[in-house]
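Reader: Could you pick one spot in this model and walk me through it closely? I'd also like some sense of the whole chain around it.

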Amino acid sequence: MVLSTEQIEQFKRDGYVHPIRVLDLAEAGALRRQLETQEAKQGGQLEPGQRSKSHLLFKWLDDLIRDRRILDPVEQLIGPDILCWNTIFWIKDVGSKSFVSWHQDTRYWGLSSDQVVTAWLALSPASIESGCMRVMPGTHKGEVLHHEDRYDPANMLTRGQELTEGVDENAAVYMPLEVGELSIHNYRLAHASGANNAADRRIGISMHFMPTDTQQIVGSWDSAALVRGNDAHGNFTPTPVPGTDFDPEAMAFHARASEAVREVLYVDAATNTQKL
Ligand SMILES: O=C(O)CCC(=O)C(=O)O
């Protein structure tokens, strides 16, 4: 058991748990090199479309969503039958003003379950200075709060959506992580992050896990990877496992699967900012 009884209780009460050591420095460094090698090949950055459902593009990321060191604590929180719905890169370059406004993901992902979790892995130090996540403890237990789409260009969220209620900056808690550490939060938990004022890039990967009985209730079609247990529900089309980075079959699937996610994320939005 990775998580103690106290950590599980804290997750139920507050909606998050951190830090959980999952990779050693060498392993996390190797993943960062894989990412940065690819970025260097294409002018220094991922394309927006490569930031989401990225486990279909990068073999090493598909391996990561199946890594028992990540799935063991996730199973302790959501049970043994686990789908991975999405993976997203959250990269803030040195000196970048990029930030994430206060929001609840429940509002935008079209998923039926209240048990969806985000596991966020640090590939570089996620400190207060570099813009680590902040959370509002307990907000996962309440209603979905009111958001406004503000479209700030520096906001990493698709619509610059921002909570207009329920945030008390004094009660907010930082979730700093060292390289190779993970945080897990319930997707209804209000969370945000600030700009990177540190000397290194802030690189995180979010992996979104859910029980297999979850349904997509906004989009007409969606996909997910069965990463542990059995799927007796079949609500999501299984994603292919890439044999290599940029495997042609997985890339073709990625085009369809990430478009389906975009349709859900931008439903009723005034503008498609093409951030994912
Ligand atoms: O990486 C960040 O700062 C925010 C990530 C986020 O909003 C999420 O993983 O749900």
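Author: Let's start with charge: the protein chain has 26 positive and 38 negative charges, and their mean positions lie 2 Å apart. Here Lys and Arg count as positive and Asp and Glu as negative, with His and the chain ends not counted; each charge is placed at NZ of Lys, CZ of Arg, CG of Asp or CD of Glu. A word on the basis: this is a predicted model, where local features need pLDDT of at least 70 and side-chain atom pairs count only at pLDDT 80 or more, while totals for chains, interfaces and linings use all residues. Residues are numbered from 1 along each chain as its sequence is written, and side-chain values use heavy atoms, leaving out hydrogens and water.

Phe209 sits in strand E11, residues 202-211 (strands are DSSP runs of E, at least two residues, and helices are runs of H or I, at least four, numbered from the N terminus). Its relative accessible area is 0%, so Phe209 is buried (under 20%, with a 1.4 Å probe and protein chains only). Thr118 is 91 residues away from Phe209 in sequence, yet their C-alpha atoms are 6.4 Å apart.

Zooming out, 55% of the 276 residues in the protein chain are buried too. The C-alpha atoms occupy a box of roughly 50 × 45 × 45 Å along the principal axes. As for contacts (heavy atoms within 4.5 Å), of those between residues at least 6 apart in sequence, 84% link residues at least 24 apart.

Definitions and conventions:
Buried means under 20% relative accessible area, exposed over 50%, partly exposed in between (1.4 Å probe, protein chains only).
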